[in-house]
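Hello,

Here is the structure you were waiting for, with the sequence.

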Amino acid sequence: MKLVRSISSVFFYVFKLIGIGYLATALYTLINCLFKGPFFEELEKNRFAINFPFSNRHFLLGTEYSVKYVAEMVLGIAVYGIFFLTLSGVFNAFRQKKLFTHVGIKNLRRFYIFNLLLYPVLAIVWSLVSIEDFPFVAMIVAHAIMGIFVFFIYAIFQQGVKLQNEQDLFI
């Protein structure tokens, strides 16, 4: 179990950082596109680029500078920021000394609800208004598979908490 805790700790921090990075990127993109900040660069044919801070190197490229496209880009990046933050919560559940906890259950619930309910709704709406051509059905299926798998883990954790509480009553 010590190995599982160690690996989970590493992934908890990795995915937490990735999630924060995605959300920071969404905010950075939104601010630069709204205010045409110093790191915003207009390109030919209504395209745009957002550069790395304090450089002329492109960080993100946009195919169309319009409200619809920028909103789609920012929301897409933000959704995956939330995904990685909820995924870090799954690994947080496995890094605790006491495995079956209410905090672990809460983190698992957030992840499966995001993947089974929220993401499909967002992806369907996204597909209806999208400028880009994404494999929305494949993305929904992939998220559903992850959500179902974590739902099963959630059910196991719920049973574990229940058994753990019953055992604590006997001591």
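**Sheet, helices and pocket**

Three strands form an open sheet in the order E1-E2-E3, and their pairing is antiparallel. Please keep in mind that this is a predicted model. At the edges of the sheet are strand E1 (40-42) and strand E3 (58-62), each of which pairs on one side only. From one strand to the next, the twist averages 25 degrees.

Strand E2 covers residues 48-51 and is joined to E3 by four bridges in the antiparallel sense. For asparagine 51, the bridge partner in E3 is histidine 58.

Helix H1, residues 2-35, lies across E1, E2 and E3 and runs at about 125 degrees to E2. Helix H2, residues 67-94, lies across E2 and E3, and its direction is at about 130 degrees to E3.

The largest pocket holds about 200 Å³ of space. Its lining consists of Lys68, Ala71, Glu72, Leu75, Gly76, Val79, Leu122, Val125, Trp126 and Val129. The elements that give two or more residues to this lining are H2 and helix H3 (102-129). H2 supplies the largest share, with six residues. Sorted by class, the lining of the largest pocket has seven nonpolar residues, one polar residue and two charged residues.

Regards

Note on methods
Residues are numbered from 1 along each chain as its sequence is written. This is a predicted model: local features need pLDDT of at least 70, side-chain atom pairs count only at pLDDT 80 or more; totals for chains, interfaces and linings use all residues. Side-chain values use heavy atoms; hydrogens and water are left out. Two strands pair if DSSP finds at least two bridges between them. Axes are lines fitted to C-alpha atoms, for helices over the stretch in contact, and angles run from 0 to 180 degrees between N-to-C directions. Contact means heavy atoms within 4.5 Å. On a 1 Å grid over the protein atoms alone, a cavity is a set of points where a 1.4 Å probe fits but cannot get out, and a pocket is an open set with protein on both sides within 12 Å along at least five of seven lines; lining residues have an atom within 4 Å of a point. Grid points are joined across faces, edges and corners, and a volume is the space filled by probe spheres set on the points. Ala, Val, Leu, Ile, Met, Phe, Trp, Tyr, Cys and Pro count as nonpolar, Asp, Glu, Lys and Arg as charged, and the others, Gly among them, as polar.
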